[in-house]
Amino acid sequence: MRWQRKRWKARARLKSRELTPVANRTSQIAANDILLFCTLRNEDVRLPYFLSYYRNLGVDHFILVDNDSNDGGAAYLANQPDVSLWSTKAGYGDARYGVDWLTYLQGKYADGHWALTVDVDEFFVYPFCDTRPIRALADWLDACEVRSFGAMLLDMYPKGPVSGAVYSRGQDPLEVANWFDAGNYIMTRNKLLRNLWIQGGPRARVFFAEKPKKAPALNKIPFVKWRKPYAYVSSTHMLLPRGLNLVYDQSGGEKTSGILLHAKFLNTFNERASQEAARAEHYQKGQEYQSYAERHGADPTLWSQWSEQYINWRQLEMLGLMSKGNWA
Amino acid sequence: MSFGVVMLVHTAFDRAEQMVRHWVYGGCPVVVHVDAKVDQPAYDVFKQALGDLENVLFCQRHRCEWGGWGLVAASQTAATLLLDSFPDVRHVYLASGACLPLRPVTELADYLKAHPDTDFIESATTADVPWPVGGLDRERFTLMFPFSWKKQRWLFDRFVKLQQLLRYRRKMPEGLVPHMGSQWWCLTRQTLRAILDDPKRGIYDRFFKLVWIPDESYYQTLVRVHATRIESRSLTLAKFDFQGKPHIFYDDHTALLMRSGCFVARKAWPHAEGLYQSFPRQTTEFLPNQEPNTATIDRIFASAVDRRLRGRHGLFMQSRFPNRDRENGLAAAPYSVFQGFDDVFPDFATWLAKRTEAQVHGHLFARDRVHFASGDTIDRGGLSDSARLRDYNARMFLTNLIWNGRETHQCFQFGPADAQDIRWMLAKDTQARIWVISGAWAVPLFLSRRSASEVRAEAARLQGIEHKFLNVLRSSHARARIQIMTLAEFVEAPTDVLQAIIDEIAGHRGSAVTELPEMANIAGLPAFLQDLKNQGMHPFLTGQLSDKPAIPARRQAAPKPYVIGRK
């Protein structure tokens with residue numbers, strides 16, 4: 001385990017040579033600041049809302065890696081006062097889907113900070129997020145001596161075909177895609193890394209019913225009190241040292257957990273699916289994207305009569321998708 | 001003013017300053033103790049910030065470790081200084097920098113004036129009340145704790161183990177009975193003086209220096225020696241979680257705290273702007289003698305502890321994934337499983353659904369697809385009818401199904417032709433009610449009008465599978481409510497069984513069974529079964545059907561080793 005972690009760290013150092021600083025404002029970072037890490041590519045249309053959502057939660061500084069965008073998003077980001085931006089033209093897949101780059105930056109800037117690692121289409125929801133800033137969560141986790149916080153990925157989709165969710169820059173994507181599957185998630189324990197492996201949701205139901213093992217993993221541990229030696233293993237699904245993966249209770253109780261609302265299924269999706277399938281830079285050579293692309297002509301509809309419409313975190317708590325645990 | 005405040009501060013100095021000013025402006029003298037761990041510059045800044053106030057004193061600083069003696073020493077020093085410097089003070093209120101006063105100072109002053117001789121301190125005997133934290137209650141007094149729980153956990157644990165092993169016991173100083181309670185108290189001048197000036201204080205202090213968490217037991221024990229009238233409760237509202245850490249109040253607790261009528265709450269999150277704007281209240285809304293009422297707050301925090309320790313039964317999710325046999329019941333609600341009923345009564349599901357309010361599914365674990373009650377390809381919660389998706393994790397398919405519809409009683413048909421992965425789960429689940437008519441699979445085989453020789457292999461296969469299932473149900477690990485009867489036994493008295501099923505599901509709302517569902521025509525079945533036997537395949541699970549057998553029946557055959565079945 002230790003050697004695996006060291007290997008990822010060494011690899012991250014190596015891959016750090018691919019990064020070029022575009023705007024480095026990390027000197028602004030104060031002790032205790034909450035940092036957000038993200039890799040992105042051609043996401044310009046999503047950026048304004050993404051930044052404002054996380055600023056509202058109380059994220060203090062954004063540390064971003066731009067993977068060869070050509071849509072002007074990089075220039076927009078470089079002008080933001082609380083963003084530090086790196087860029088790279090290297091392959092996303094070769095950098096373990098961006099994890100290597102972020103591991104390097106996390107090791108360098110996040111030591112001793114609470115670090116949130118998300119994608120541009122992921123929106124972090126935790127208990128009381130409508131009344132308590134993310135600083136409150138971090139302080140509370142500190143007081144409980146908890147180092148990592150789990151948040152399952154919840155795929156959001158529109159009513160009707162995905163192409164019908166027309167998204168415009170700056171808009172809240174949940175306005176156009178606010179339905180989800182409430183109770184079809186399955187999980188098993190990963191004995192080696194001790195994390196839960198969660199699958200299910202609309203993608204398993206619609207795209208992977210015939211090959212469920214290949215359905216995408218939904219377990220995520222995005223919020224971590226970072227220490228230099230830590231490293232994500234695969235996306236933000238699991239970490240090393242593996243003790244950080246125990247974000248679930250094993251004797252019948254519930255630990256506090258959140259949700260990452262995954263606003264991937266917008267009208268931008270179809271175009272992207274075919275692009276990414278051709279690029280084959282994603283996990284398992286973009287199989288997931290190929291699967292989508294096969295149905296591309298059909299323009300997938302994920303909605304069903306049993307879909308739930310998103311209201312707030314309390315609804316997710318009641319449905320049993322996340323838990324307040326003992327935070328009251 | 002009738003009372004003074006001892007305030008212990010170690011962090012969030014801006015909030016602490018705010019609180020000191022609140023007390024002083026209300027007319028109370030304050031003695032501040034700042035943890036010796038705070039560095040000198042920060043201390044000086046804080047002291048300077050309060051320099052304009054007359055009735056604020058700073059006492060000698062002690063190092064305060066959680067669970068250590070320092071907190072008691074700090075309150076002793078500060079209280080002595082307060083009593084010596086302000087002779088008018090009748091009561092001393094112990095507070096921290098994170099304590100948030102809710103009601104105006106004058107209300108607390110009036111309340112204390114109305115109770116001039118009362119000591120407000122939570123004080124419970126360790127003999128009668130288990131104190132939940134850390135698994136140590138009486139042993140806090142009988143063992144020695146020279147090591148810090150937070151910083152030297154390894155030594156702490158080993159040393160406790162060693163003392164337990166050697167059966168070491170400390171002797172309590174004479175005259176003391178161990179008591180514990182919340183560390184936040186409000187004592188009268190007389191009681192506090194008596195504790196501080198006690199000729200035996202040296203002995204007591206030496207003893208309590210090695211007690212674990214003495215701030216929860218020092219005053220709580222000594223008041224029992226000196227006080228005249230004890231109200232065993234704290235005037236400071238403080239809730240603790242299952243690890244003994246204080247719950248924290250945020251902006252969204254404002255309304256709750258407003259209604260509670262408590263004088264002081266702890267602890268407030270230092271950045272909870274809304275709380276600090278709403279409290280302390282300047283205007284009075286309560287009668288001066290209004291007692292605090294914390295029922296709602298108690299309930300909310302008790303349910304939080306319960307959720308953390310026991311969780312929602314039957315829920316498997318990202319932060320609740322109990323180990324095998326730690327589930328507190330596998331599924332979220334009772335459900336019924338029927339094996340063989342739909343073979344005997346083809347219309348059983350409709351019949352049952354009509355007579356109970358249960359949701360009656362078909363064969364959920366059929367090989368071709370999931371047969372939901374609705375007949376749709378998707379069911380509540382987004383469960384798909386794909387057999388492959390279901391079999392990928394059959395256990396969780398079932399726990400999800402029950403969780404999603406946990407407010408209704410759900411039923412499903414099961415049989416040897418279905419996927420069998422969940423049989424152990426069914427048997428072990430205390431929520432499952434399992435009804436089996438063994439050998440009922442013979443009915444559809446018989447009705448297929450194929451000859452015994454054609455269906456022989458199929459019959460053997462089904463019987464083998466059912467036999468395994470029955471063995472599981474009869475194992476010593478089975479915890480479900482299980483009823484097993486043979487086909488022969490069932491057709492003797494079907495009404496009784498159906499009545500029992502309806503009573504179990506519908507309870508007192510169940511009605512008497514007046515009409516049976518239409519039964520499959522099984523005339524000629526015994527002959528068919530005999531044919532099977534003649535083929536060498538003994539259907540021992542059907543029991544002895546007595547419906548005018550074509551050939552006089554022999555004794556019921558026991559399972560025989562040569563019965564052909566699939567392993």
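Predicted model: local features only at pLDDT ≥ 70, side-chain atom pairs only at ≥ 80, totals over all residues.
Chain A contributes 61 residues to the contact, and chain B contributes 49 residues. The size of an interface is often given as the accessible area lost when the parts come together. Here, chain B and chain A bury about 4,500 Å² between them, with 51% of it on carbon and sulfur atoms. On the chain B side, B:Gln318, B:Phe321 and B:Tyr392 provide 18% of the area buried against chain A, more than any other three residues.

Five salt bridges are counted between chain B and chain A; in one of them, the side chains of B:Arg312 and A:Glu254 come together at 3.0 Å, N to O. The largest share, six residues, belongs to α12(B). Sorted by class, the side of chain B that touches chain A holds 19 nonpolar, 15 polar and 15 charged residues.

Within chain B, B:Arg103 sits in the loop between β5 (100-101) and α4 (105-114). B:Arg103 counts as buried because its relative accessible area is 4%, under the 20% cut-off. The side chain of B:Arg103 makes a polar contact of 2.5 Å with that of B:Glu107 and also reaches the backbone oxygen of B:Gly261 at 2.8 Å. Although B:Arg103 and B:Pro280 are 177 residues apart along the chain, 5.7 Å separates their C-alpha atoms.

Key: Residues numbered from 1 in each chain as written. Chains lettered and ligands numbered in written order. Heavy atoms only, no water. Contact = heavy atoms within 4.5 Å. Buried area = accessible area lost by both parts, 1.4 Å probe. Salt bridge = Lys/Arg side-chain N within 4 Å of Asp/Glu carboxyl O. Helix = DSSP H or I, 4+ residues; strand = E, 2+ residues; numbered from the N terminus. Nonpolar A, V, L, I, M, F, W, Y, C, P; charged D, E, K, R; others polar. Buried < 20%, exposed > 50% of the residue type's maximum accessible area, 1.4 Å probe, protein only. Polar contact = N/O pair within 3.5 Å; in protein donor to acceptor, adjacent residues only side chain to side chain.
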